[in-house]
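Subject: Handing over the structure

Hi there,

Here is the structure I promised to pass on to you. Have a look at it first, and then read on for what turned up.

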Amino acid sequence: MREQIYLYKLDIETMKREEPRLLGLLPKWRYDKAIKYKIQRVRYESIGAGRLLDIGIAGFFGINEGGLDWSRQKIRGLGKDENKGNFYYEHEGVRAYYNISHSGDYVAVAVALKPCGIDIEFKDDKDFKISQRMFNKEDQCYICPDGDSLEAQDRFRDVWTIKESYVKCLGKGLSIPLKSFTSDYDVLRQGGAPAILVKTDGFNDNIKKPEASDSGVNKGIQESLDIIRTDFHTRTMRLNCNDKDYSLTLCMEKDEPKINLIRIEKL
């Protein structure tokens, strides 16, 4: 079984009509989460994520959604990796790790046999104030190399989703400074799966220092910086929906991830 990404485009009008039915299909823990949201769109995003998760887990294992038993997972104390804090569903002794993201009109769920992180984003960085405040010089050089504002916004979303997917894959959240690591942007420009590169001066208790590598360091990074290539790789794709541009990135450890995109039309 290869990693899979399930993608759903939110249909607000349909969700308005079918909210009771969709809520009734959710497992209790997702139902309780969804009904807490009073803002309609946020509630629909939560409902969509819950349904997409069930569809994704069932599809990954090739079983009927009715065969999923989330309550049993909770009773047995399963559902969260003991070491990394990554969530998973266990079926017949096999763990399917999952991660959820939503932005704009899309909800995305990644499912894989090992910890994974996914992020999707559509927002721009006006005047690049976020990039200047939260990203390092290597990231900024990739984002704005030649003054092309449209391409620069696409690259901003690439960088943001790469960073978010990496910290989600680690299971640490944003406790890791986004400036403390970068990506092999030479590989990204060629459409490959770049490795995450960590600055040694950015290590803290949340980052385990990887083994140093003598080769393959991004040529675009100054040699004076001490940078170590990790075993984490990302794969990024771009989408467009309703005149909004999106970047979507999947991060996994050791293997170079593939994006096997499965679009879900109906929840």
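Below are some notes on the charged and aromatic side chains.

Please keep in mind that this is a predicted model.

Let's begin with the salt bridges, which number 22. The side chain of Glu 18 forms a salt bridge with Arg 21, at 2.5 Å from N to O. These two residues are 3 apart in helix α1 (residues 12-25), so about one helical turn separates them. Arg 21 is partly exposed, at 36% relative accessibility. Glu 18 also meets Lys 266 in a salt bridge, with 3.7 Å from N to O. That pair links distant parts of the chain, since Glu 18 is in helix α1 and Lys 266 is in the segment after β10 (261-264), 248 residues apart. Lys 266 has a relative accessible area of 57% and is therefore exposed.

Another salt bridge to find is the one between Asp 105 and Arg 41, whose closest N and O atoms are 3.3 Å apart. Asp 105 sits in the loop between β3 (94-103) and β4 (106-112), while Arg 41 belongs to helix α3 (residues 40-61), so the contact ties together parts that lie 64 residues apart in sequence. Asp 105 is buried at 10% relative accessible area, whereas Arg 41 is partly exposed at 32%. There is also a network in which salt bridges with shared partners join Asp 124, Glu 151, Asp 154, Arg 155, Arg 157, Asp 158 and Arg 238.

Now for the rings: the whole structure holds 15 aromatic pairs. Trp 70 and Tyr 98 make an edge-to-face pair, because their planes are at 90 degrees, with ring centres 5.9 Å apart. Trp 70 is in helix α4 (residues 70-75) and Tyr 98 in strand β3, 28 residues apart. Trp 70 is buried, at 5% relative accessible area, and Tyr 98 is buried too, at 8%. Both belong to one aromatic cluster, whose members include Trp 29, Phe 60 and Phe 87.

Phe 122 and Tyr 246 form a tilted pair, with planes at 45 degrees and centres 5.8 Å apart. Tyr 246 is buried at 1% relative accessible area, while Phe 122 is partly exposed at 24%. The ring of Phe 122 also has the charged end of Lys 244 over it, 4.8 Å from the ring centre. Likewise, the charged end of Lys 163 sits over the ring of Phe 181, at 4.4 Å from its centre.

Enjoy exploring!

Best wishes

How values were computed: Residues numbered from 1 in each chain as written. Predicted model: local features only at pLDDT ≥ 70, side-chain atom pairs only at ≥ 80, totals over all residues. Heavy atoms only, no water. Salt bridge = Lys/Arg side-chain N within 4 Å of Asp/Glu carboxyl O. Helix = DSSP H or I, 4+ residues; strand = E, 2+ residues; numbered from the N terminus. Buried < 20%, exposed > 50% of the residue type's maximum accessible area, 1.4 Å probe, protein only. Phe/Tyr/Trp six-rings, centres within 6.5 Å; stacked < 30°, edge-to-face > 60°. Lys NZ or Arg CZ within 6 Å of the ring centre and 35° of its normal.
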